[in-house]
Amino acid sequence: MGGAGGSFRALASAGLIAALAGCTGAPPLRTMACSAVSAPDIAVSADGKTASTRLSVLTYNIEGLDWPARSGRPVQLRQIGERLAAMRAAGTAPDVVLVQEMFSRAAKKAVRDSGYPAIAPGPSRLTRAPKIKQEPLPGKSKWKHGEVGLRLKGSGLAIASAYPLIETQVRAYSRKACAGFDCLSNKGIMMGRIAIPGVPGAIDIYGTHMNSRGASKAPAVRNLAAHKRQSQEAAEFLAETNDDANPLIFGGDFNMRHSIDRFAAFSHYQPLELVHRICADPKSGCDVRMSWDGDEPWMDTQDLQFFWPGDAVSIRPIRVEAMFDGGPSGPVLSDHDGFMVTYELSWPADSTRPSACTGAGGGRSDG
C-alpha cells in the first residue's frame with residue numbers, strides 16, 4: 001500500500017471524515033536522559049588510528065490504518081509491538097525504527113508498546129505547512145478524491161530509538177505538494193538527532209512518507225508533480241537542519257517503486273548515497289541478507305534508506321536484511337516488509353569532539 005492516500009477513500013465516501021478526525025488518541029512521545037544509556041561496543045583498528053561502532057536502522061510502514069479504510073489490523077499491530085519489545089529484551093532489536101502509517105489507536109499503541117525508551121512523532125494533523133508560493137498542480141482538484149483542503153490525519157510518522165533523541169524537528173509538506181487522497185494526511189518529514197555515548201557529536205536521522213501514485217486516485221501527471229514538490233521540500237529541510245559534522249540517514253516509504261520519473265526527480269534534489277545501490281555492488285563488502293532481483297533492486301521497493309557521511313564521523317552500510325517478511329524475524333504483519341540496514345560509524349580514535357550526549361538537552365521544533 002503506497003500511502004495514506006487510497007487508505008482514506010472509504011472514509012470520504014462513507015461520510016466519516018469529521019467523526020474520525022480526532023478520535024485515535026495522542027501519538028507516543030517518550031524521552032530519555034543520556035545517563036540512562038550505556039555506550040555500545042566500540043572497536044579500535046589494529047593501528048590504533050580509527051574507532052568504530054555499529055548502528056542498525058529499520059524503516060517500516062506498519063499499515064496502521066483506521067476502519068473503514070482497513071479492518072482487522074489491531075491483532076497484527078499488537079504483534080508488531082510485542083515482537084519489537086521481545087527483540088529489545090533479547091538484545092536483537094534495531095537501534096532505531098522509522099515508522100510510517102502510524103494512524104490508528106492500535107498503531108500508536110504498538111509503537112508505544114515496542115519498549116523503545118525514546119520516541120518522537122512526526123507532523124501532527126495541526127502542524128502548519130510552510131507558506132510557499134506555488135502554481136496549482138496540473139489538472140483540477142477533486143473534493144471527492146480527498147482534495148478538500150482538510151487534513152484528517154497527521155503524518156503517521158514516528159522515530160523510536162534506543163538512544164536519546166536530543167533534538168527533533170518536523171515539517172509538513174506544503175499545501176500544494178499533495179495530490180488526491182494523500183491530501184487528507186498531513187504528510188511531511190521529520191528529523192531525530194540521536195546521541196550515542198562514545199561517538200563524537202550526533203547522528204541526524206530523517207523519516208518521511210511521500211505521495212502515492214495509484215492509491216491517491218489523482219491523475220498520474222498530478223501525483224507526479226506533487227511527489228516532485230515533496231522531493232524538493234525534503235531536500236531543503238535536510239539542508240536546513242543537518243549539521244555537516246554529523247552523519248545523516250534518511251529512510252521511509254518514498255513511493256518510487258517502478259517509477260523512473262519519480263526516482264529521477266528525487267535524485268535531482270538529493271546528493272545522498274542510496275543503500276541499495278551501494279550494497280548491490282559485490283565489491284562493497286555489504287552483507288546482503290535478502291532477495292534482490294535485477295540490476296536495480298531499489299526500483300522494486302517503496303522502502304529505502306539513504307545516507308551521507310559527516311565531517312566528524314564517517315558512515316557506510318555493512319548489512320541489509322528484511323524484517324517481518326515471513327522469515328526468521330517474524331511473520332508478515334503489514335503490506336510492507338521492514339527494511340533494516342546496519343551501518344558502521346567510524347572516526348579518528350584521537351578525536352576530541354565529545355559525544356552530543358554530554359550535557360545535551362532535548363528539544364523539538366515544528367517547522
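Which residues in H6 meet which residues in H7?

Guide: This is a predicted model, in which local features need pLDDT of at least 70 and side-chain atom pairs count only at pLDDT 80 or more, while totals for chains, interfaces and linings use all residues. Residues are numbered from 1 along each chain as its sequence is written, and side-chain values use heavy atoms, with hydrogens and water left out.

On the H6 side, the contact (heavy atoms within 4.5 Å) involves Asn223, Leu224, His227, Lys228, Ser231, Gln232 and Ala235, which meet Asp261, Arg262, Ala265, Phe266 and Tyr269 in H7. By class, the contact of H6 with H7 has 5 nonpolar, 4 polar and 3 charged residues (Ala, Val, Leu, Ile, Met, Phe, Trp, Tyr, Cys and Pro count as nonpolar, Asp, Glu, Lys and Arg as charged, the others, Gly among them, as polar). H6 covers residues 220-241 and H7 residues 260-269 (helices are DSSP runs of H or I with at least four residues, strands are E runs of at least two, numbered from the N terminus). Their axes lie 8 Å apart and the packing angle is about 20° (axes are fitted to C-alpha atoms over the stretch in contact, with angles from 0 to 180 degrees between N-to-C directions). H6 and H7 are therefore roughly parallel to each other (an angle under 35 degrees). The crossing of H6 and H7 is right-handed (the near helix is turned clockwise from the far one by less than a right angle).

H4 and H5 form another such pair: their axes come within 7 Å and cross at roughly 10°, so H4 and H5 are also roughly parallel to each other. Pro74, Leu77, Gly81 and Ala85 of H4 make this contact with Ala106, Ala107, Ala110 and Asp113 of H5. The contact of H4 with H5 divides into 6 nonpolar, 1 polar and 1 charged.

Strand S2 (50-64), helix H4 (74-90), strand S3 (96-102) and helix H5 (105-113) each supply at least two residues of its lining, and H4 gives the most, with 3. Among the lining residues of the largest cavity are Gly81 and Ala110, and the whole lining divides into 10 nonpolar, 2 polar and no charged.

A search of the whole structure finds 3 cavities of 30 Å³ or more. The second largest cavity has a volume of about 40 Å³, and its lining includes Arg151, Asp182, Lys187 and Gln230. By class, that lining has 3 nonpolar, 4 polar and 3 charged residues.

Note on methods:
Parallel < 35°, antiparallel > 145°, perpendicular 65-115°, else oblique. 1 Å grid on protein atoms, 1.4 Å probe; cavity = no way out; pocket = protein on both sides within 12 Å on 5 of 7 lines; lining within 4 Å. Points joined across faces, edges and corners; volume = space filled by probe spheres on them.
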